[in-house]
Amino acid sequence: FAFTSIRVVIYTQQDVYSIFPGMKNLGGIVTLSYHDHCIYTVVKAWERRNGKSFAGHLWVLEDDVEFTASWSRLFDKYREYDFVAHRFSTYDRNWQKNHQYFGKQISPKFRSEFLMGLGYQSYVFILEHVVKYSPAFLAKVFELLENGYHARSEIGTGTFATRLNFTWSRLHEVQKPWYCTTHCCDHKCMAAIARLRKEGEGRIFHPVKL
C-alpha cells in the first residue's frame, strides 16, 4: 500500500511520548521495547483518521517473520483466544540477566499490582514477533496503559493476560531453532522454508532477511 493509504499509519517515538510522557523515565527504545504503547498509538491514529472505533481481532507481525502456509489458516486456528504469543514462561535461571534487565523497565503501578512483591521472578515472559489480541483484551490493555501500568512488551502483555484471566495460547507453529541465523537466512534455512511451503506445513521462522 502507498503511504497515503488509509491502511498505513506512520508514527515516531515522539508520538508515543506525547501520549505517554512518563515513558521517558523507563529507559529503552520505546518503538523497540514497548509494543503495546506503539499499538495504542497506531490504533488511536487509525480511529481518528477513519472516524470509527477499531473493533476487530488484532494480529501484529514483525516484518521479518515468515510463515510457510496461509496466514488465514494460522489466524483461524487461534480465533477463540484473547492473547497469543510465543513462549509464555515464568522465571528461568538461564534468562536471569534478561529478567533483571526487563524488570527495571516497568512503572511503579505495574510493579505494585502485577509483580506482587516478587520482582522479576513473578512476571510472564513472551516473545512478541507474532502476537494476537482479541477486542476485549486489546481494550483492557489500552485501559491499563492509560492508567499508568507500563512494562516492556516481553513481560507486560503476557503478565496482563495471565494475571487477569484472559484466555491465552502459545504459538505451536514456531520453528526450532527460532532464529535462522543472526543477520540473514542461509541456504539451508531457505531450503527448509521452501520445502515446508511445498508440503503445506505451516511453520513460523524468524528472522527472515531476504
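The legends below describe close-up views of a predicted model.

**Figure 1. Overview of the chain and its confidence.** Residues are numbered from 1 along each chain as its sequence is written, and side-chain values use heavy atoms, without hydrogens or water. In this predicted model, local features need pLDDT of at least 70 and side-chain atom pairs count only at pLDDT 80 or more, while totals for chains, interfaces and linings use all residues. The secondary structure comes to nine helices and six strands; helices (H or I, at least four residues) and strands (E, at least two) are DSSP runs, numbered from the N terminus. Mean pLDDT, the predictor's confidence in each residue on a scale from 0 to 100, is 86 for the chain, and 83% of the residues score at least 70. Confidence is highest in H7, at 98, and lowest in helix H5 (residues 96-103), at a mean of 66. Where pLDDT is low, the predicted coordinates should not be read in detail. Of the 210 residues, 47% count as buried; buried means under 20% relative accessible area, exposed over 50%, and partly exposed in between (1.4 Å probe, protein chains only). Among contacts (heavy atoms within 4.5 Å) between residues at least 6 apart in sequence, 78% join residues at least 24 apart.

**Figure 2. Crossing of helices H3 and H7.** The axes of H3 (residues 35-50) and H7 (residues 135-146) come within 10 Å and cross at roughly 105 degrees. This makes H3 roughly perpendicular to H7. Axes are lines fitted to C-alpha atoms, for helices over the stretch in contact, and angles run from 0 to 180 degrees between N-to-C directions. Angles under 35 degrees count as roughly parallel, over 145 as roughly antiparallel, 65 to 115 as roughly perpendicular and the rest as oblique. From H3, Asp36, His37, Ile39, Tyr40, Val43 and Lys44 take part; from H7, they meet Leu138, Val141, Phe142, Leu145 and Glu146. By class, the contact of H3 with H7 has seven nonpolar, three charged and one polar residues. Here Ala, Val, Leu, Ile, Met, Phe, Trp, Tyr, Cys and Pro count as nonpolar, Asp, Glu, Lys and Arg as charged, and the others, Gly among them, as polar.

**Figure 3. Aromatic pair of phenylalanine 83 and phenylalanine 137.** The structure holds 18 aromatic pairs. In this one, the ring centres are 5.2 Å apart and the planes stand at 50 degrees, so the pair is tilted. Rings of Phe, Tyr and Trp (its six-membered ring) pair if their centres lie within 6.5 Å; planes under 30 degrees apart count as stacked, over 60 as edge-to-face and the rest as tilted. The pair links distant parts of the chain, with phenylalanine 83 in strand E3 (residues 83-89) and phenylalanine 137 in helix H7, 54 residues apart. Phenylalanine 83 is buried at a relative accessible area of 0%, and phenylalanine 137 is buried at 0%.

**Figure 4. Aromatic pair of phenylalanine 110 and phenylalanine 160.** The ring centres of phenylalanine 110 and phenylalanine 160 lie 5.7 Å apart with planes at 75 degrees, so this pair is edge-to-face. Phenylalanine 110 belongs to helix H6 (residues 108-114) and phenylalanine 160 to helix H8 (residues 153-163), 50 residues apart. Phenylalanine 110 is buried, at 0% relative accessibility, as is phenylalanine 160, at 1%.

Figure 5. Nine of the 11 residues of H8 are buried, so H8 is largely enclosed by the rest of the structure. Among them are Ser153, Glu154, Ile155 and Phe160. Threonine 157, also in H8, is buried at 1% relative accessibility. Leaving aside neighbours within four places in sequence, threonine 157 is in contact with Asp36, Phe83, Ile126, Tyr133 and Phe137. Asparagine 165 is exposed, at 69% relative accessibility.

**Figure 6. Arginine 87 in strand E3.** Arginine 87 lies in strand E3. The phi of arginine 87 is near 90 degrees, a positive value in a residue other than glycine. With a relative accessible area of 23%, arginine 87 is partly exposed.

**Figure 7. An aromatic cluster.** Trp59, Phe67, Trp71, Phe75, Tyr78 and Tyr81 form one aromatic cluster.
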